Amino acid sequence: MLDAEKGFREEWYAQPLSKSGPVISMAVPSSYNDITQDKDLRDHIGWAWYDRLFYVPSRWQTDKQRVVLRLGSAHYNSIIYLNGHSLTSHEGGHLPIMADITTKLVYGKENLVTVAINNTLTPETIPQGTIVKHNDPSRYPPGYFAQSYNFDFTNYAGIHRPVYIYTTPQTFIDDILITTDINGANGVITYNVTHGNTMIGPSRSGEVGCSMKLLDNEGDHVTSAMGCQGTIEISNASLWWPYLMSENPGYMYTLLVAVSDADGNLDLYPQKVGIRTLGWNSTTLTINNKPLYLRGCGKHEDADIRGKGVDYALIVKDFSLLKWLGANSFRTSHYPYAEEIMDMADKEGIMIIDESPAVGLSGFDEALMNKHISVMQELVQRDKNRPSVIMWSVGNEPKSNEAAALNYFRKVVSATKSADPSRPVTCVLNKPKEKEYAASSLDVILVNRYYSWYGDTGHLEVIKMQTVTEFSEWHLLHNKPVMISEYGAGSLPGYHMDPAWTWSEEYQAELMIRNFEAFDELRSKGYFVGEMIWNFADFSTPQGHTRPGGNRKGIFTRSRQPKMAAHVLRYRYHNLANDTLTNSQAPLCFTSVLH
Ligand code: GCB
């Protein structure tokens, strides 16, 4: 029988793990699931242990450096030890974990960091899951259990993002908050810098000062300012525009923040700043006062071998494909993505609907709500300065037909808005609008609909009618902008059937084209603000009889090769981009190609 607590009881963290038993090599960052040939490791539920020895120079101590350990993320529940002592813990994957380790290090020697990670999901975690215990001894071995969860992607586990140890001076920049505005042709940057002090050694922290230098995207000096809070106005500013909405998308200045104290400590941080405004009302989303139409994809952090581990080549490839498609946006379905991905989005002018890990929630009690609010606060804290982030999504497909969802989402949305009043807040819905309790709290209504796939399978001819009716009614009911956040069909690359048949490339492509007819009609009504195909690429899911090798709704294969659908979408998105540039709402003429 499995002894989950053994590592803690035997204090595996007190020495290198290899002294407590056999260890295997593991890549960081990566999910551990698909790295080896071992089925038990792939399907492991419970604690996994990592460790690493690292050398710390004594210079860091003589220079009175503050030292920080930062993990980009670890999934799901992590306990971190340093040199055999408990350092910190964190619940939830997809968001960073940080700890000041200055006084816990041994300088001029090797140090040991140990991380215990547990991927178990329960009704109290976000996302939720259930451990199903099978107690029938005639059918299952003793103690047999399985993890189940209500979402459609593999619960990959491990240290998914880079781990850094970095230093700062003992007086350091703790946080920077940037907001931007436009005043005629001028850009306005408002900044608020907070600083901290480690209190090692004497310090005159009262005498800390801040100074700012603003550089343009070539690195040339634009202007300077003094003070930890302030406003900078830039004449004839270059604005941050989305891809294909300007000749020069993703323009960013660098605010070089300097914090210094009377002891000669100087901390510098080059904060990227994209100047842009967002607006929203009952029909429209705007960026820099121009109406926005989102042409995008739902995505996943997902690849073979690596699972959800950060992979630089894959990040660059995905952005290259997004631009090839003519997409201007994606949703970080169904959890916050790596900061390396968010950096690319800022730089390339790709807009992001930034989603929390709250996928498929139910139950809606106060404890879950408080946890959900903390996750939203952590997410806002991480991504608040990113020009690419144009909307927060508090979750995907909650069971918001439960009456308790009303109060729950009011509070989660309102807490998100207090954390950041500058962006609209949504939640991605799928319940019938007649009995739905989250929508009334949202700024923009995002709905997932799979007409002619999960319902009326094979009847592509009903898509237009059903989609137009559905989305018009959502708008009518809530008087808010609406968009389709998921639609699509599975297809097996190379499988062709004409006339179109489910799972063929033709079916996927024609289903999209029928949807486009509906979207164009909805656009002409003036409140339909975007469309996102499900999904950018095929991705891994739990094994199941409706998931041949995973979810196959990708318009690209898992190895990022285009299916017919990708070419169809590319044609549409580039046309839409031209259409948006000329500000016309006219429907496109592409819809009859496959008829
Ligand atoms: C959905 C979910 C997404 C699934 C998709 C599907 O509504 O939001 O996570 O993968 O449907 O393919 O069924």
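Me: How do the residues of the shell around the ligand divide by class?

Reply: The shell has four nonpolar, four polar and five charged residues. Here Ala, Val, Leu, Ile, Met, Phe, Trp, Tyr, Cys and Pro count as nonpolar, Asp, Glu, Lys and Arg as charged, and the others, Gly among them, as polar. This is a predicted model, where local features need pLDDT of at least 70, side-chain atom pairs count only at pLDDT 80 or more, and totals for chains, interfaces and linings use all residues. Residues are numbered from 1 along each chain as its sequence is written, and side-chain values use heavy atoms, with hydrogens and water left out.

Me: Which side chains have an N or O atom at 2.7 Å or 2.9 Å from an oxygen atom of the ligand?

Reply: A polar contact is a pair of N or O atoms within 3.5 Å. In this model, a side-chain N or O atom of His-334 is 2.7 Å from a ligand oxygen, and one of Asn-396 is 2.9 Å from a ligand oxygen. Glu-486 also places a polar side-chain atom 2.7 Å from an oxygen of the ligand. Taken alone the ligand exposes 320 Å², and the protein buries 91% of that (Shrake-Rupley method, 1.4 Å probe).

Me: And how much space lies in the largest cavity?

Reply: Rolling a probe the size of a water molecule over the atoms shows where empty space is left. On a 1 Å grid over the protein atoms alone, a cavity is a set of points where a 1.4 Å probe fits but cannot get out; a volume is the space filled by probe spheres set on the points. The largest cavity holds about 170 Å³. Glu-301, Leu-314, Ile-315, Asp-318 and Ile-341 are the closest to its centre among its 18 lining residues (an atom within 4 Å of a point).

Technical notes
A polar contact is a pair of N or O atoms within 3.5 Å; within protein, one must be able to donate a hydrogen and the other to accept it, and residues adjacent in sequence count only if both atoms are side-chain atoms. On a 1 Å grid over the protein atoms alone, a cavity is a set of points where a 1.4 Å probe fits but cannot get out, and a pocket is an open set with protein on both sides within 12 Å along at least five of seven lines; lining residues have an atom within 4 Å of a point.
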